[in-house]
Amino acid sequence: MDKVFSDARSALAGLVKDGMTIMAGGFGLCGIPETLIEAIRDSGAKDLTFISNNAGVDGVGLGRLLETRQIRKMISSYVGENKLFAQQYLSGELELEFNPQGTLAERIRAGGAGIPAFFTKTGVGTLIAEGKEVREFDGEKYVMERGLFADISVVHAYKGDTEGNLVYRKTARNFNPMMATAAKITIAEIEHLVPAGDIDPDQIHTPGIFVKRLVHVANPIKRIEQRTTRKRETVASAGAGEEI
Amino acid sequence: MAWTREQMAARAAKELRDGFYVNLGIGIPTLVSNFIPAGMRVQLQSENGMLGMGPFPFEGEEDPDLINAGKQTITELPTTSYFSSADSFGMIRGGHIDLSILGAMQVAQNGDLANWMIPGKMVKGMGGAMDLVAGVKRVVVVMEHTAKDDPKLLKACNLPLTGQGVVDLVITDLGVFTIDKKGGTGMTLIELADGVTAEEIKAKTDADFKVALGSKQSNAA
C-alpha cells in the first residue's frame, strides 16, 4: 500500500469527522503540521477536540480552526498567545483542559504505548490533582494521570521515506514523535520525501509502523513567534580565544 | 537600594556549579545565562526539547526550527542535543536537572509556589512550570519582593498553587531567603541587598522568617 498522497486534502480524505479527537504536533508555531491543519479546516468538520501543546496564534496553526469555530475543546498546557482563543473561552464557546506540559507529553507517550494510566508527582496538591487518585510510593505522593489516544494525529517532520520512517529537525521535534504513536491513524507532512533506504536506519526517529499516510510539503512557510538576535561583535574582539 | 534585575540575576548565578544542568524560566531567570562564570561548564536545558542552549542568533541567521521554551530564536552549541517533549520532561521529572530558576507570583514560608494562575483573569496555562518544580533537584525563585505594595512572600499562598513545598531559595530585589521545604526550620533571611535593612524587609513581608545574616552560606557546595 502506498503511503504517499499527492496533497494534504487527499491524505485526509475520508478521515476527518465531526466530534472526533485530533492530536496536532508542535510547540508554539515550531514543528506544526500547518498544511494538514489547513486541510482539516477545509474539511468543514466541527465539534473537534484538539490535543496540542498550544493553540497557535491568531490566523496561524490551530488559530485558523478557531476562526471557523470548528474546535469545541482543547487539551493544552499553554494558550497565552491567542486572542481569539481567550474570547471563545471566556464566552463559553470553547472548552479547555489544562495539563502540565510534561504530564501532557507523558499522557500521549503512554497512550501510544498501551499504558492506560501512570502516576506522577507533577501537580500534587494543586488544582490539577482534584478528582484524581493520589497514591503514596516510597513516602512521596503521586497523582494518577490517564494515557491519551486520538482518532487521528497530524504531525510535521523534516524528512520522511516512502515507508513512513520520519526524521525531525532540531526543536521542531517536540510533541511530534509521541503523537505519531498515539492515534488510530497518523498523517505526517514532511519537507523532504526520499525513497526507502535513503535514511540511515540508525537515525530514524519515528519508525514507519506509526505513520499511515504521508504528504510531501516542500518549502513550507515557517513562522517565528519571537525573533531574537544578538549584535555581531567587531572583528577585532571576535577571532582568537574561542578555539579549544 | 534594592537590587536591579541584573543584580538579582547575578545573585542567582551564584547558585550555579560546574557541571550543572539548569533550566531557566522566562524573564529575570533568562538573564542568569549572562552571569555564568568564565570557565564554568553549565548546560542549559530548554523544556521544548534541547540541552546545551546557545545564545541568540546573529541577525539573518534565525532558524524557525530552533527556539527556546519562550519561543525565542536561539542557537546550538557543540554540546547540544535535541529530543522529544516526553524525553525532556523525563529528564525534568526524573530528577536529572540540577537547578531550576524561575519567577513567581507568590511564595509561602513552607515552600509552596504560585506562578501560573490568577482566578477571574484569562488563564494562559502552566506550561512546564508544575513539572519543573516537582522534579528538579533544587528550585530557586527570583522575583520582586512585592507586587505594587502587596507582599509576595506569604504565610500561605492565596493563588492556586504550581507546587506544594517545592521552593529552596528565594531571591528578591531586597534580599535572599532559604526555605526548608521539608518543614523543620522554615524560612530564613540570609542576605540583604545593598542598603536594605531587615526591618524594611519585615515591613514588606507577610511570611514569618528568621534572620541569620552572614551566618549561613546558601551556596555552600
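**Notes on the A–B pair**

1. Helices here are DSSP runs of H or I with at least four residues, strands are runs of E with at least two, and both are numbered from the N terminus. Before going on, keep in mind that this is a predicted model, where local features need pLDDT of at least 70 and side-chain atom pairs count only at pLDDT 80 or more, while totals for chains, interfaces and linings use all residues. Residues are numbered from 1 along each chain as its sequence is written, chains are lettered from A in the order in which they are written, and side-chain values use heavy atoms, with hydrogens and water left out.

2. Back to H3(B), which covers residues 85-93: 7 of its 9 residues are buried (under 20% relative accessible area, with a 1.4 Å probe and protein chains only). Among them are Phe89(B), Met91(B) and Ile92(B), but also Arg93(B). The buried residues pack against parts of both chains: H5, S6 (117-120) and H6 of chain A, plus S2 (43-46), S3 (50-53) and H4 (129-135) of chain B.

3. On to the interface. Here 53 residues of chain A are in contact with 48 of chain B (contact being heavy atoms within 4.5 Å). The buried area is about 4,300 Å², with 61% from carbon and sulfur atoms; that area is the accessible area (1.4 Å probe) lost when the two parts are put together, summed over both. Lys170(A), Thr171(A) and Arg230(A) supply 16% of what chain A buries against chain B, more than any other three residues.

4. There are 6 salt bridges across the interface, each defined as a side-chain nitrogen of Lys or Arg within 4 Å of a carboxyl oxygen of Asp or Glu. Asp63(B) and Arg169(A) also meet in a salt bridge, at 2.6 Å, N to O. On the side of chain A that touches chain B, the elements giving two or more residues are H4 (83-90), H5 (101-112) and H6 (176-181) of chain A. H5(A) gives the largest share, 6 residues.

5. Lastly, the cores (buried Ala, Val, Leu, Ile, Met, Phe, Trp, Tyr and Cys residues joined through side-chain atoms within 4.5 Å). The largest has 49 residues, and Val107(B), Leu113(B), Val141(B), Val170(B) and Ile171(B) have the most contacts inside it. Another core, of 38 residues, lies apart from it and includes Ala8(A), Ala39(A), Val215(A) and Met126(B).

Note on methods: Buried < 20%, exposed > 50% of the residue type's maximum accessible area, 1.4 Å probe, protein only.
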